[in-house]
Amino acid sequence: VEAAMAAERGLSMATCTAPVNIAVIKYWGKRDTDLILPINSSLSVTLHQDQLKTTTTVAASRDFTEDRLWLNGKEVDVGQPRVQACLREVRRLARKRRGGGEDTATLSLSYKIHIASENNFPTAAGLASSAAGYACLVSALARLYGLEEELSEVARRGSGSACRSMFGGFVQWQRGERPDGTDSLALQVAPETHWPELRVLVLVVSGEKKPVGSTMGMQSSVETSPLLKHRAEVVVPERLAQMMRHIRERDFEGFGQLAMRDSNQFHATCLDTFPPIFYLTDLSRHIIALAHRYNAHHGRTKVAYTFDAGPNAVIFTLDEAVAEFVEVVRRSFPPATNGDQFVRGLPVGSAALSQELVAAVITEPVPGAVQYILHTKPGPGPQLVDDPSQHLLGADGLP
């Protein structure tokens with residue numbers, strides 16, 4: 001009935017969810033800031049939407065008088081250039097697809113649209129919310145306008161890393177060569193089912209906004225860091241090939257070592273930027289040292305850290321090591337108050353730690369430093385939500 005009423009008012013609606021992704025070969029630096037073209041290719045793991053996702057509803061109606069956007073329930077400026085770029089691109093593709101003619105059965109491209117988007121995690125806490133957000137926006141718009149084609153290129157116009165959230169599993173964002181960016185797109189390297197034992201622990205140390213946003217930070221690095229130029233031209237192409245091989249072979253030792261090295265080099269380019277940018281904190285460094293002590297104790301790489309442009313640690317590991325390492329983190333950073341809420345997401349078993357491990361790995365505990373641990377795993381790309389009760393906009397086109 002609601003659908004019939006909505007149709008009566010010329011209202012069309014679509015809802016999608018989209019995932020967060022974590023780069024293991026980092027993207028840092030644009031060669032074209034308008035088109036969002038990177039100076040190097042990158043590779044990421046898409047995280048499962050049961051733990052981290054953005055949900056976006058888009059609606060179009062002849063009754064709407066202006067485009068409007070709501071983020072996590074608050075109305076925000078829909079005029080942001082990157083939101084506009086995505087809208088413009090999707091409408092352009094829809095127009096092209098229709099051969100320029102307006103088909104009365106399809107949605108009028110002149111209708112204004114309303115967009116509502118929600119994250120089930122803190123925005124701008126260094127959890128790649130812009131990637132999930134723009135991947136979700138583009139997926140929902142494509143659904144609304146009936147587009148099927150390659151959309152990672154459109155998502156890239158919203159946020160570079162968003163193109164990687166258009167696929168599940170293991171994803172490469174190809175740098176591309178063309179100045180118009182038509183070959184700068186994402187490709188799936190392997191689906192999420194390829195490596196079922198892989199697990200991800202997000203150590204949330206802070207829900208604060210970062211000191212320098214990624215957009216400004218990376219442009220400053222491009223302009224001032226000779227190390228970044230060397231990284232993009234020499235180091236990354238070789239690492240990308242190695243990383244794809246480690247993933248293909250499900251070689252955790254190789255995968256983990258390379259993820260840690262690449263994270264460290266990315267943060268080194270931030271230090272090499274002038275003035276320098278500091279995304280890692282004392283606590284981040286404490287977690288890095290803990291991971292190395294833990295691996296050294298076991299004589300192999302059991303956990304691997306990677307940090308994006310913020311202090312939260314993302315730890316890759318295999319399912320058999322999760323319980324023990326979570327206990328190591330709990331002993332190293334005893335939760336202040338939320339003992340029961342300290343581990344979220346996928347269930348984690350309990351583990352007893354040997355005295356040797358405790359003596360070798362746990363130095364001085366820092367109570368309350370880690371807010372919580374989110375346990376997740378690789379997951380699929382954007383999903384269409386069919387259940388109308390899940391729409392974030394009502395039949396009136398408002399939240």
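Colleague: Which residues in H2 meet which residues in H3?
Modeller: This is a predicted model. On the H2 side the residues are Arg-82, Val-83, Cys-86, Leu-87, Val-90, Arg-91 and Ala-94. They meet Tyr-134, Leu-137, Val-138, Leu-141, Ala-142 and Tyr-145 in H3. By class, the residues of this contact of H2 with H3 are 11 nonpolar, no polar and 2 charged.

Colleague: At roughly what angle do the axes of H2 and H3 cross?
Modeller: The axes of helix H2 (residues 81-97) and helix H3 (residues 129-145) cross at roughly 30 degrees and come within 10 Å. Angles under 35 degrees count as roughly parallel, and H2 and H3 are therefore roughly parallel to each other. The crossing in which H2 passes H3 is right-handed.

Colleague: Let us step back. How many helices and strands are there in the protein chain?
Modeller: The protein chain has 10 helices and 17 strands. Its radius of gyration is 22 Å, close to the 21 Å that the globule rule gives for 399 residues, so the chain is as compact as a globular protein of that length. Along the principal axes, the C-alpha atoms of the protein chain fill a box of roughly 75 × 45 × 40 Å.

Colleague: Now the sheets. What is the order of the open sheet of 6 strands?
Modeller: The order is E8-E7-E9-E6-E1-E17, and the pairing is mixed. Strand E8 (74-76) and strand E17 (383-384) are the edge strands, each pairing on one side only. H3 packs on this sheet, where it touches strand E1 (12-19), strand E6 (53-61), E9 and E17. The direction of H3 makes about 35 degrees with that of E6.

Colleague: And how many bridges join E7 to E9?
Modeller: Strand E7 (residues 68-71) and strand E9 (residues 112-119) are joined by 4 bridges and run parallel. Leu-69 stands opposite Ile-115 in E9.

Colleague: What about the open sheet of 5 strands; what is its order?
Modeller: That sheet is ordered E13-E14-E12-E16-E15, with mixed pairing. Strand E13 (303-307) and strand E15 (343-345) stand at the edges with a single partner strand each, so one side of each is left without a neighbour in the sheet. From one strand to the next, the twist averages 25 degrees.

Colleague: In which sense do E12 and E14 pair, parallel or antiparallel?
Modeller: Strand E12 (residues 198-204) and strand E14 (residues 313-318) pair in the antiparallel sense, over 6 bridges. Val-202 stands opposite Val-314 in E14.

Colleague: Which strands does H8 lie across?
Modeller: Helix H8 (residues 282-298) lies across E12, E13 and E14, and runs at about 160 degrees to E13. Helix H9 (residues 322-332) packs on the sheet too, touching E12, E13, E14, E15 and strand E16 (372-376). The direction of H9 makes about 10 degrees with that of E12.

Colleague: How are H8 and H9 arranged, then; at roughly what angle do their axes cross?
Modeller: The axes of H8 and H9 cross at roughly 135 degrees and come within 12 Å. That makes H8 oblique to H9. Their crossing is right-handed. In the contact, H8 contributes Leu-290, Tyr-294 and His-298, while H9 contributes Glu-324, Phe-325, Val-328, Val-329 and Ser-332. The contact of H8 with H9 has 5 nonpolar, 2 polar and 1 charged residues.

Colleague: Let me change topic to Leu-318. Which residues does Leu-318 touch, not counting those up to four places away in sequence?
Modeller: Leu-318 is placed in strand E14. With that exclusion of residues up to four places away in sequence, Leu-318 touches Trp-195, Glu-197, Leu-198, Arg-199, Phe-252 and Lys-302. Leu-318 and Phe-252 are 66 residues apart in sequence, and their C-alpha atoms are 8.0 Å apart in space.

Colleague: A last topic, the backbone. What kind of peptide bond joins Phe-274 and Pro-275?
Modeller: The peptide bond between Phe-274 and Pro-275 is cis, with omega about -5 degrees. Pro-275 is found in the loop between helix H7 (252-272) and H8.

Colleague: And what is phi of Ile-36 near?
Modeller: Phi of Ile-36 is near 55 degrees, a positive value in a residue other than glycine. Ile-36 lies in the loop between strand E3 (30-32) and strand E4 (37-38).

Key: Residues numbered from 1 in each chain as written. Predicted model: local features only at pLDDT ≥ 70, side-chain atom pairs only at ≥ 80, totals over all residues. Heavy atoms only, no water. Axes fitted to C-alpha atoms, helices over the stretch in contact; angles between N-to-C directions. Helix = DSSP H or I, 4+ residues; strand = E, 2+ residues; numbered from the N terminus. Parallel < 35°, antiparallel > 145°, perpendicular 65-115°, else oblique. Left-handed = near helix turned anticlockwise from the far one by under 90°. Contact = heavy atoms within 4.5 Å. Nonpolar A, V, L, I, M, F, W, Y, C, P; charged D, E, K, R; others polar. Pairing = 2+ DSSP bridges. Rg over C-alpha atoms; globule rule 2.2 N^0.38 Å.
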